Each structure stands twice: as C-alpha cells, then as structure tokens.
Amino acid sequence: MNKSLHEPMYLFLCSLFVNQLFGSSGLFPFLLVQSLSDIHTISASYCFLQIFYVFSYGNVEFFTLAIMSYDRYLAICNPLQYNTRMTVNKAVMFIALTWLYPFLAVTVMISLSAPLQLCGNIINKLYCDNYSIVKLACSDTTVNNIYGLIYTFITVFGLLFLICYTYIKILKICFSGSKQTRQKAISTCSPHLASLINFSFGCCFEILQSRFNMTSVPDVLRIFLSLYFLTCQPLFNPVVYGLNMSKIYIICKSLLLGNVLGH
C-alpha cells in the first residue's frame with residue numbers, strides 16, 4: 001500500500017468503496033440466481049438479510065459522504081489546523097462510527113419488522129425493502145412507523161445540516177479568498193459533490209417508489225432507477241475520484257505502466 005495515501009481523505013474513500021462492494025454483494029448474486037429461475041420467490045430470512053445489506057449500504061454511504069464534507073471543510077477553511085483536527089486516528093474513529101451506527105440502527109429496524117404477522121407475500125419490487133414488509137403486515141405497526149420517522153428525522157436531517165453547513169462555509173471562503181483558494185476548493189470538492197448528487201438522485205427515486213404508486217412509469221425505467229443507487233454509484237465514484245484527484249490518478253497510472261513494462 002502506497003504510504004502517500006495514508007491520509008484521512010483516502011481512508012474515507014477506501015471506506016466508501018468497500019461499502020459499495022458490501023451493498024452490491026448483498027443483492028446481485030440473488031438477482032443473478034433469480035434471472036436464471038422461472039420461479040421468483042425468496043425466503044423470509046433471506047429477504048431480511050437483503051434488507052440488512054441494502055439499508056446498511058445506503059446508510060453507510062450517506063454517513064461517509066457527510067463525514068467527507070466535514071473533512072473538506074477542515075482542509076479548505078482551516079488548512080493550518082487540519083493535521084491536528086483530522087488525524088488518521090480520528091479518521092479511523094469516524095469510519096468506525098459510520099459503519100457501527102447504521103448497522104445497529106438497521107438491526108433494530110429488522111428486529112421490529114421480523115415478528116410482524118403478514119397478510120400477503122407479494123412485493124412488487126426487484127428486492128426486499130422494509131417499508132414493503134410493513135405494508136403487508138396485519139398486526140399493529142405503530143412502533144415501526146415511529147422508529148422509522150425518528151431515525152429518518154435524526155439521521156437524514158442531521159447529515160443534511162452537516163453537509164449544507166460545511167459547503168456554505170466553503171463557499172464563503174471561495175468568494176472571499178484568492179484565485180488559488182477557489183481552484184483548490186473546486187478540485188477537492190467537485191468529486192464529492194458529484195458523488196453526493198448522484199447518490200441522492202438514486203435514493204430519492206427509491207424512496208418515492210416505496211411510498212407512491214409508480215405503475216405509470218415504464219417497467220424498464222422503473223427497474224433501472226431501482227438499481228441505480230446500487231449499480232451506478234460503485235461505477236461512478238472510482239472514475240470521478242480517479243480523474244479529479246491527481247495523487248490517485250498518478251499512482252494508478254504508475255502501477256498500470258509498471259505492470260505493462262514488467263511484462
């Protein structure tokens with residue numbers, strides 16, 4: 001491992017890419033098996049396992065992107081204090097929290113949904129999601145709904161506040177700073193913003209599809225958009241960060257050239 005990449009930003013990127021592999025591994029093997037089968041059924045245990053993978057992936061991704069926005073804020077707005085305020089140990093602690101908190105939250109969510117008595121067994125989606133399970137329930141789902149609302153409010157709005165706050169501060173520095181400062185802000189923030197917007201688009205459609213009737217949308221488009229945040233994000237991020245972050249680009253180029261010349 002190249003020691004020049006042992007910096008907080010690259011540790012966050014590593015966590016981001018590992019999470020994308022984690023999310024994909026929980027869904028695509030099942031879809032591959034189902035595409036080769038004439039009967040499209042899934043056991044209850046595997047359905048909840050799929051929910052764990054997909055929901056954990058979405059939560060960890062959002063948490064990591066929010067922490068990365070804070071990291072960019074420190075690097076641009078407080079460059080002299082960056083190395084003391086964002087050490088490697090602190091970065092590792094943040095990464096641990098971005099994985100542990102979603103895992104615990106999703107585990108609690110599944111533990112509330114698993115005991116529900118269901119009145120149906122048909123989910124009109126490519127994969128299982130918690131809201132579809134709750135909608136099939138005959139028993140009382142008040143606790144599920146309250147937990148979902150509280151978790152969504154605290155997590156989504158809390159992380160959105162952090163992201164908006166950091167970028168407002170970065171914009172203020174850009175407008176009041178030198179041309180060099182603006183160029184640094186654009187070069188370091190543009191991949192993160194592109195990744196955040198791309199992921200948010202996929203999540204927004206998935207939430208809309210879960211909550212509203214989307215039968216008017218063509219099946220092919222609905223399937224593509226359902227898989228968008230699980231497929232396009234893992235393909236999109238390496239390209240965006242690889243092309244925009246010079247250190248990653250140079251090291252990857254040297255590794256590829258070294259392998260070619262070695263053969």
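Predicted model: local features only at pLDDT ≥ 70, side-chain atom pairs only at ≥ 80, totals over all residues.
Q: What is the volume of the largest pocket?
A: Rolling a probe the size of a water molecule over the atoms shows where empty space is left. A pocket here is an open set of points on a 1 Å grid over the protein atoms alone, where a 1.4 Å probe fits, with protein on both sides within 12 Å along at least five of seven lines; lining residues have an atom within 4 Å of a point. Points are joined across faces, edges and corners, and a volume is the space filled by probe spheres set on them. The largest pocket has a volume of about 1,100 Å³.

Q: Which residues and elements line the largest pocket?
A: Its lining has 37 residues, with Phe 55, Thr 152, Val 156, Ile 207 and Arg 211 nearest the centre. Two or more lining residues come from each of helix 3 (44-77), helix 5 (88-113), helix 6 (130-135), helix 7 (142-176) and helix 8 (179-211). Helices are DSSP runs (H or I, at least four residues), numbered from the N terminus. Helix 7 gives the most, with 11 residues. By class, the lining has 22 nonpolar, 11 polar and four charged residues. Nonpolar covers Ala, Val, Leu, Ile, Met, Phe, Trp, Tyr, Cys and Pro; charged covers Asp, Glu, Lys and Arg; the others, Gly among them, are polar.

Q: What does the second largest pocket hold, and what lines it?
A: The second largest pocket holds about 710 Å³ of space. It is lined by 28 residues, and His 40, Ile 42, Ile 122, Ile 123 and Lys 125 are the closest to its centre. At least two lining residues come from each of helix 2 (28-35), helix 3 and helix 9 (219-226). The lining has 15 nonpolar, 10 polar and three charged residues.

Q: How is the packing of helix 1 and helix 5 read?
A: Two packed helices are described by the angle between their axes and the distance between the axes. Axes are lines fitted to C-alpha atoms over the stretch in contact, and angles run from 0 to 180 degrees between N-to-C directions. Helix 1 (residues 8-25) and helix 5 pack at about 25°, with axes 9 Å apart. Helix 1 is therefore roughly parallel to helix 5, where roughly parallel means under 35 degrees, roughly antiparallel over 145, roughly perpendicular 65 to 115, and oblique the rest. The residues of this contact (heavy atoms within 4.5 Å) divide into 12 nonpolar, two polar and no charged.

Q: What is the relation of helix 7 to helix 8?
A: Their axes come within 10 Å and cross at roughly 155°, so helix 7 and helix 8 are roughly antiparallel. The contact includes Ile 163 and Tyr 167 of helix 7 and Leu 193 and Leu 196 of helix 8.

Q: At what angle do helix 8 and helix 9 cross?
A: These axes cross at roughly 125° and come within 9 Å, so the two helices are oblique. Phe 201, Phe 205, Glu 206 and Gln 209 of helix 8 meet Arg 222, Leu 225 and Ser 226 of helix 9.

Q: Where is Cys 232, and what does it touch?
A: Cys 232 is in helix 10 (residues 228-244). Not counting residues up to four places away in sequence, Cys 232 touches Asn 198 and Leu 227.

Definitions and conventions. Residues numbered from 1 in each chain as written. Heavy atoms only, no water.
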